[in-house]
Amino acid sequence: MSVVTQASTQMGLSAPASARLRPDMTPQMAVQTLLDAGDTQDALKLLARLLPKRYAVAWLLQCARDQPLGLEDKAGASLAEKWVREPNEDNRRAAYEFANAGGYRSLGAWLAAAAGWSGGSLAPATQETPVPPAEHLTARATVAAINLMAALVEEQFQARRTAFIERAMSLLTANADAHR
């Protein structure tokens, strides 16, 4: 199964969007095809899943820097940034705990969740048996955070979301180049 097909299945792309994709497409071609067809939400889902987790969280943080964030949102962004800079278990756990404590009700919680769901265990820290997150959870949190940021200016939601996606296309290209 191609990486594009697998990502499309994991992220639950719509039937029309899935029908536009071919297994031989590069990640960049697949996301651009969906954007060109007006399937912005599906393009966002696919992009978020195709990016390496650290790239996805770094992209969120880049987008968040230009937004008017409240204190809780800034706190979540700060924890996510700490994990991007030092992707260790302590930083991941701190981001996860913040998002969980906030009930995933704010942009900051979703920024932190993107880092918090990147690996490790979702079980309480005191539990010995690990409960690893599904591989696509960072992408799910990324989609939620991008949509929340785009909605900060409701009348420009679509344009803002597309602009955020376009920012990440170079990351997708950089990741592909690094794996050649």
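Modeller: Let's start with F164, which lies in helix α10, residues 157–178. The model is predicted, so local features need pLDDT of at least 70 and side-chain atom pairs count only at pLDDT 80 or more, while totals for chains, interfaces and linings use all residues. Residues are numbered from 1 along each chain as its sequence is written, and side-chain values use heavy atoms, with hydrogens and water left out.

Colleague: What makes a stretch a helix here?

Modeller: Helices are DSSP runs of H or I with at least four residues, strands are runs of E with at least two, and both are numbered from the N terminus. By that rule the chain has ten helices and zero strands.

Colleague: Why is F164 called buried?

Modeller: Buried means under 20% relative accessible area, exposed means over 50%, and partly exposed is in between (1.4 Å probe, protein chains only). F164 has 5% relative accessibility, so F164 counts as buried. Of the 180 residues of the chain, 48% are buried too.

Colleague: Which residues does F164 touch, leaving out those up to four places away in sequence?

Modeller: They are W59, C63, Q67, I146, M149 and A150. Contact means heavy atoms within 4.5 Å.

Colleague: What does the side chain of R93 reach at 2.8 Å?

Modeller: The backbone oxygen of A123. A polar contact is a pair of N or O atoms within 3.5 Å; within protein, one must be able to donate a hydrogen and the other to accept it, and residues adjacent in sequence count only if both atoms are side-chain atoms.

Colleague: How do you know that the chain agrees with a compact globule?

Modeller: The radius of gyration is taken over C-alpha atoms, and the globule rule is 2.2 Å times the number of residues to the power 0.38. For 180 residues a compact globule would have a value near 16 Å, and the chain has 16 Å, so the two agree.
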